[in-house]
Amino acid sequence: MRYIVKYIRPFFGYIAVTLCIKFIASIMELLIPSILATIIDDIVPTGDRGAIFLWGGAMAACALTALLGNVIANRMAAKSSGSITEHIRHDLFCKITFLSARQLDGFTIPSAVSRLTTDTYNLNQMFARMQRLGVRGPILLIGGMIITMIMDPGLTMVLLLTLPVIALLVYVVTKKSVPLYTKQQSILDHMVRVVQENITGARVIKALSKTSYEQKRYDQVNNELADMEQHAGNIMAVTNPGSTLILNIGLTLVVAVGAFRMNAGQTSPGVIIAFLNYFTIILNAMLGITRIFVMCSKGEASAKRVTEVLTTAPDLIVTSSDAEPSPKDNAHIVFDHVSFSYEKVKANINDLSFSLKHGQTLGIIGATGSGKSTIINLLMRFYDVDSGRILIDGKDIRTIPTEELQKKFGVVFQNDFLFADTIEENIRYFRTLSDDEIDDAAQTAQAAEFIRTVGMDYHVSARGNNLSGGQKQRLLIARALAAHPEILILDDASSALDYKTDAVLRRELAHRHFGTTSIIVAQRISSIKGADAILVLEGGNVIGYGTHDELMKTCPIYQEIAESQMGTAEEAESNG
Amino acid sequence: MAEKRMQKKKKTYLIGRLWHYLSRHKLLIVFALLCMFTSNILALFGPKLSGNAIDAMGIGAGDVDFPKVFYYVGLMLVFYIVSGVLSYILSLLMIRLSRHVIYEMRKDVFNKLSILPVGFFDRYQTGDIISVISYDIDTVNQSFSNDLLQVLQSIVIVVFSLVMMLSIAPVLVLVFAVTIPLSIVFTKFITTRVRPLFRNRSKKLGELNGFVEEMIGGQKTTKAYGQEQQVIDRFDRKNKEAVSAYNKAEYYGTLTGPSVNFINNLSLVFVSVFGALMYLNGSIGLGNISSFVQYSRKFSGPINEIANIIGELQSAFAAAERVFRLMDEMPETPDAEGAAVLSDVYGEVTAEHVSFGYVPQKTIIHDFSMRAKKGSLVAIVGPTGAGKTTIINLLMRFYDVDSGAIYVDDHNIQEITRSSLRGAYSMVLQDTWLFYGTIFENIAYGKENATTEEVIEAAKAAKIHDYIESLPQGYQTVLSDNGINISKGQKQLLTIARAMLLDCNMLILDEATSNVDTRTEQQIQAAMRELMRNKTCFVIAHRLSTIKNADNILVIRDGDIEEQGTHEELMAKNGFYAKLYYAQFETY
């Protein structure tokens, strides 16, 4: 919360003015019932009609001032809290954008998203309501009490008696219902999950004739949820009738006690009438203040979640290079005894070394979870190596400024993403690229044909849901190629392409991007068969390294893979 | 005008359908109405009683008529307490009612979902369907159990307050000739002005959320291209739009509270001034002024409240429409009358002159015939997106053919029950589908009462047993989104194990091993062959080793069957299949 104050500080002056206006408006509201008392007790006995109109006019003036003041103050509050939220959101988004992959893993993406959306929204609500109700509530409460105290201290005691009862009621109900709501939320999640499973698994469920089983499964969670909602609702339902009852009992007591005091000549009917009005105002203010507390605790939780991200210290710092770059034999990319583990428990990459010259192609193949994508993550410095080092043109990548490092790559990740915008913008990806460069890249990536049928302006829906798997991959490859990168990385980027398109793509790449150093992660031998070197991985260890022909002789696992995919080599030759 | 009438008709229709849910609980509703009525009337007597008590106090010291005062105070206490209790009972009744309504609506929607054809789920996004079953139903329920009650309650309060005020001082009621039109004008202004602004506010906020979700999900890509600043600029634009939409909505939205208070205060002013004047004329007592003031507050309260409720009802109608639209989706056509149950399947599948299209005018399979003998292997090949799964959809009757027929063992599949037809196939699909539950439950899903031994046997055959055993909880490990780290390949193996457990004579594999790396696939090949033995198999595959041995290869292109035959026949033909085949050996 204290960190968030930083964002409020520039608006201190503005907020102070808002609060002053709010203060005046609240006081005006408070004066109205006491004027009523004055009219009844002081003016009416004199029979002065002119004075009645005068005081009535004063009441109307108070009401009007209260209206104007409240509207102006509310608008100012909305404006300042909007601006504060805008700043927080901006900083938060920047921060998240620059978080390292490991840090984002720590927060998880859904949580980062909800911090940016739900939490900043909660903060916005809190800022605005605090300004609107934070002054009005206490002023109506305290001011009301002071005025009633002056009017009649005896009757005020009745008021003071009922306040703690209401506070206690609200406190107990809130305390009881909050855990119930948390529980209800988790049952709701469960229900949503069952529905989701039934939607995504519609084919399987129908194929296995499990429809009635699923209906029973759903019915169970549906019942559970409905019960929980009823239970939580029953407890929450106490608040409204409860506080109304206490208020009404208070009113009754005011009348009863008022009777005694009237009898003793300590009070007047006008005061009792005004009191009944104040009573309602004060108790409503009291309820308002308890609501502010609930809101604050919610806001506080959000502030904490936002601050947590904002105060994360940057890692992956670029160190200054002390050693001179030592490019040995034109090596472009060098992995030098690299080891790495995500969880720091079991090595995901173990003592990996290889060297790649300018313009060469490296193929990587291996089982699921063997560390293929990890190599990419390390090379692009999404994570730092635990030991060993990675060199590009002889320079340790930890000494290369982030921007300069990033510029070198064109990449398609496994499950890379397309966003809701035109095809052109998806290829461009915010970079300044000429139309020719984009067309060219689309051509090479074998995307030109389908783009021609739908147009460059075709609107891709979120995550590319309106494109087929093959079309998505072709767009992503075009994106990777568009800026003519120094290093091209394709991580399982052609798995959805049929063999034929894949082959044409590889041929085009070789022609048009001659000189680009490439790293291709693949499951199909045919995709990497022509590479200058192929890395065979298993469990983070290298179990084979060499060209296709070499590996066919030396690496039994590679042979196994090759045979399973292509039949025997001779057969292929004779057919081809 | 015609549109307006349509709107009205639609609303009446919606209310009719909603009433269908409420009408099952008539008794509950009658009780609730009774409680509401009594509780409100009792509470509304309060101001009158307190006024009477004040009148009984006289004006000077020592004038107080204590027995009378206590009589009224006692009545007030009783009335208020009974009213409070009744209003709590009312809440309980309403919660009970809404529990039943919401439960039944959710159930109806879900049961509908389970009989919808699979095509429905291809057309609609999962998120949309889920928001209907959770958010929309909730909105409808909230609105119709609470808001409608509130409206009724408001009507009771307004009418009763008016009656009371008229009985106290008919002339003073004229005050409302000023404030009520003011309320109405203001309410109209707010509803026409503010609603579009609030709608815009939610829209902009939704856009911001969508953008954030997308871009944080793609953070790695943004980093890879060093485009953080551009993304941030875009975000700033969206952020600014959202904040400005918020401010615009608030600009008018913040009018509501102060204005309602102002109108209340204005009534108070008039009542005080004219009340005082009338008191001077001797036509009203002090106590009555007090009661009148309190009634006037109660009177104008609900009128403003109703403005809010109308807004909420509007959104509830929109939600109800979405719920009922889903309920009205066409289900799978029921099994034909007297449909036979397919049993003791031998496993011979024949298609005769089948034509089919997902959309009536767009036939994509024109004249497809084939014959798959028992134990034969039919491979379906073709480029991405060519429509290979269409054939599977027809075989399992996820869709019905437009003309022609498909036979299993000489039974036209239109004339047998869907469940028995589908039960005759085992199936492993490209999209692995696992649910939240233990590994054991997931494997045993297709076979009720599967024993532990059978499940382990199947897992062993699918080469996933060792992995499962390595988990701390073994077969009792719960598969959840953020629980154990299970790869796509392993998920695939689990679904293969599930299919292994089924004892069918026909098998469908839809690129079943596309996510398993080739080495693992190699290991399960033997098990797969075991699974396929003596079964009629339909396999969608990229891998040639499977395709080459097929007894019949269906080559699909642009949704239609371009060629069919054995590998040798098709190679000799030197057509589309041959082209596809050569492509895989090309290197660069």
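Residues are numbered from 1 along each chain as its sequence is written, chains are lettered from A and ligands numbered from 1 in the order in which they are written. As the model is predicted, local features need pLDDT of at least 70 and side-chain atom pairs count only at pLDDT 80 or more, while totals for chains, interfaces and linings use all residues.

Chain A has 21 helices and 12 strands; these are DSSP runs numbered from the N terminus, with helices being H or I of at least four residues and strands E of at least two. Looking at contacts in chain A with a separation of 6 or more, 79% link residues 24 or more positions apart. A contact here is two residues whose C-beta atoms, placed from the backbone, lie within 7 Å.

One open sheet in chain A is built from 4 strands in the order β2-β1-β4-β5, with antiparallel pairing; strands pair if DSSP finds at least two bridges between them. β2 (349–357) and β5 (395–396) of chain A sit at the edges with a single partner strand each, so one side of each has no neighbour in the sheet. Further in, β1 (residues 331–340) and β4 (residues 387–392) of chain A run antiparallel and are joined by 5 bridges, with A:Val334 partnered by A:Leu391 of β4(A). Helix α11 (residues 372–379) of chain A lies across β1, β2 and β4 of that chain, at about 115° to β1(A). Such angles run from 0 to 180 degrees between N-to-C directions, and axes are lines fitted to C-alpha atoms, for helices over the stretch in contact.

Elsewhere in chain A, strand β6 (residues 409–412) is covered on both faces: A:Phe409 and A:Val411 are buried on one side, A:Gly410 and A:Val412 on the other. In a regular strand, side chains alternate between the two faces of the sheet. β6(A) pairs in the parallel sense with β9 (residues 487–491) of chain A over 4 bridges, and A:Val412 stands opposite A:Leu490 in β9(A).

Over in chain B, an open sheet of 6 strands has mixed pairing and the order β6-β9-β10-β3-β11-β12. Its edges are β6 (425–428) and β12 (560–565) of chain B, each with a single partner strand, so one side of each is left without a neighbour in the sheet. Direction ignored, neighbouring strands of this sheet are turned by 15° against each other on average. β6(B) runs parallel to β9 (residues 506–510) of chain B, joined by 4 bridges, and B:Ser426 has B:Leu507 in β9(B) as its bridge partner.

As for the two chains together, the contact takes 134 residues from chain A and 128 residues from chain B. On the chain B side, helix α3 (residues 66–115) gives the most, with 23 residues. That side divides into 65 nonpolar, 42 polar and 21 charged residues, where nonpolar is Ala, Val, Leu, Ile, Met, Phe, Trp, Tyr, Cys and Pro, charged is Asp, Glu, Lys and Arg, and polar is the others, Gly among them. Helix α8 (residues 211–236) of chain A and α3(B) have axes that come within 9 Å and cross at roughly 160°.

Definitions and conventions: A residue is buried if 20 or more other C-beta atoms lie within 10 Å of its own, exposed if 12 or fewer, and partly exposed in between; C-beta atoms are placed from the backbone.
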